[in-house]
Amino acid sequence: AKAQLFDKDNDRKVTFKDVAGLSEAKQEVEEIVAFLKNPEKYTELGGKIPKGALLVGPPGTGKTLLAKAVAGEADVPFFSLSGSDFVEMFVGVGASRVRDLFRQAKEKSPCIVFIDEIDAVGRARGKNANMNSNDERENTLNQLLTEMDGFGSNSGVIILAATNRADILDKALLRAGRFDRQISVELPDLNERKEIFGVHLRPIKIDESVDAEFMARQTPGFSGADIANVCNEAALIAARGGKKFVQKDDFMNAVDRIVGGLEKRTMITT
Ligand code: ATP
């Protein structure tokens, strides 16, 4: 099996316009866009372009979206894989996928390599070291470290990785010349939720009783992904009821559903 490379739903370029809120994170990744677009400007004076950055924050806050937007803004290819894909792998497969990915990335440079859930491979080594799957995870991690060290910092490949647990990562990953920059991607506040609703209400035929401000107030604690879900769910509920427009009560039903899901999620994890 080949590593899944180009973005699955890359029919349209993702840009910063698609990413609502996250103004600080966007500012930080803007620098990466600048590196990708015009590397000479930065290397002429002897500087080294960073190899990678770690996007840290809770699930569904837009880390993947932001990484895609960096590629979209710089107009470069986006390669991605998820750490969780490696968990159940046969010996040698994880490492060879990582090798494959970087070989292709180098050919297509400048480009972005995105590693989602890097904690699945990048957890600190040495715990349960007698388990086979763990050995394989370590092999994969070692290959990743080798690849990161192997290409020059001015190769045009920039690696973005995402995690919700930077604290459990192997320190080797965070060393200078690897993921030495962390960008925090937090849950949205009221204003940011309003902005995110702004993005996700856009394609939906809403009744005039519904607006982004109102919805933002109904959804404390929701992530961007939860908000996208609410909007979609509300549209489906309204359609099921044969409506021409999505109304406030459809949104409130959708919120209830998502809150139900959130409660289940926290009951399982706590
Ligand atoms: P995970 O940690 O679970 O992989 P993530 O942080 O990578 O999550 P995304 O996959 O980027 O989150 O977000 C899922 C979807 O939620 C996005 O495709 C988008 O539709 C919506 N979304 C999340 N955050 C934002 C945001 N800041 N602005 C607009 N949409 C958002």
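How many cavities of 30 Å³ or more are there? The count comes to one, where a cavity is a set of points, on a 1 Å grid over the protein atoms alone, at which a 1.4 Å probe fits but cannot get out. The model is a predicted one, in which local features need pLDDT of at least 70 and side-chain atom pairs count only at pLDDT 80 or more, while totals for chains, interfaces and linings use all residues. Residues are numbered from 1 along each chain as its sequence is written, and side-chain values use heavy atoms, with hydrogens and water left out.

The largest cavity holds about 40 Å³ of space, a volume being the space filled by probe spheres set on grid points that are joined across faces, edges and corners. Its lining, made of residues with an atom within 4 Å of a point, includes Leu-81, Phe-86, Ile-115 and Thr-140. Helix H4 (93-107) and helix H6 (132-150) are the elements that give two or more residues to this lining, and H4 gives the most, with three residues; helices here are DSSP runs of H or I with at least four residues, strands are runs of E with at least two, and both are numbered from the N terminus. By class, the lining has eight nonpolar, one polar and no charged residues, with Ala, Val, Leu, Ile, Met, Phe, Trp, Tyr, Cys and Pro counted as nonpolar, Asp, Glu, Lys and Arg as charged, and the others, Gly among them, as polar.

The second largest pocket has a volume of about 360 Å³, a pocket being an open set of points with protein on both sides within 12 Å along at least five of seven lines. Of the 23 residues that line this pocket, Gly-60, Thr-61, Gly-62, Lys-63 and Ala-225 lie nearest its centre.

The ligand sits in this second largest pocket, in the sense that more than half of its atoms lie within 2 Å of the pocket's grid points. Around the ligand are 17 residues, each with a heavy atom within 4 Å of it, and they divide into eight nonpolar, six polar and three charged. Among the polar contacts, which are pairs of N or O atoms within 3.5 Å, a polar backbone atom of Gly-60 is 2.8 Å from an oxygen atom of the ligand, and an N or O atom in the side chain of His-200 is 2.9 Å from a ligand nitrogen atom.

Conventions: A polar contact is a pair of N or O atoms within 3.5 Å; within protein, one must be able to donate a hydrogen and the other to accept it, and residues adjacent in sequence count only if both atoms are side-chain atoms.
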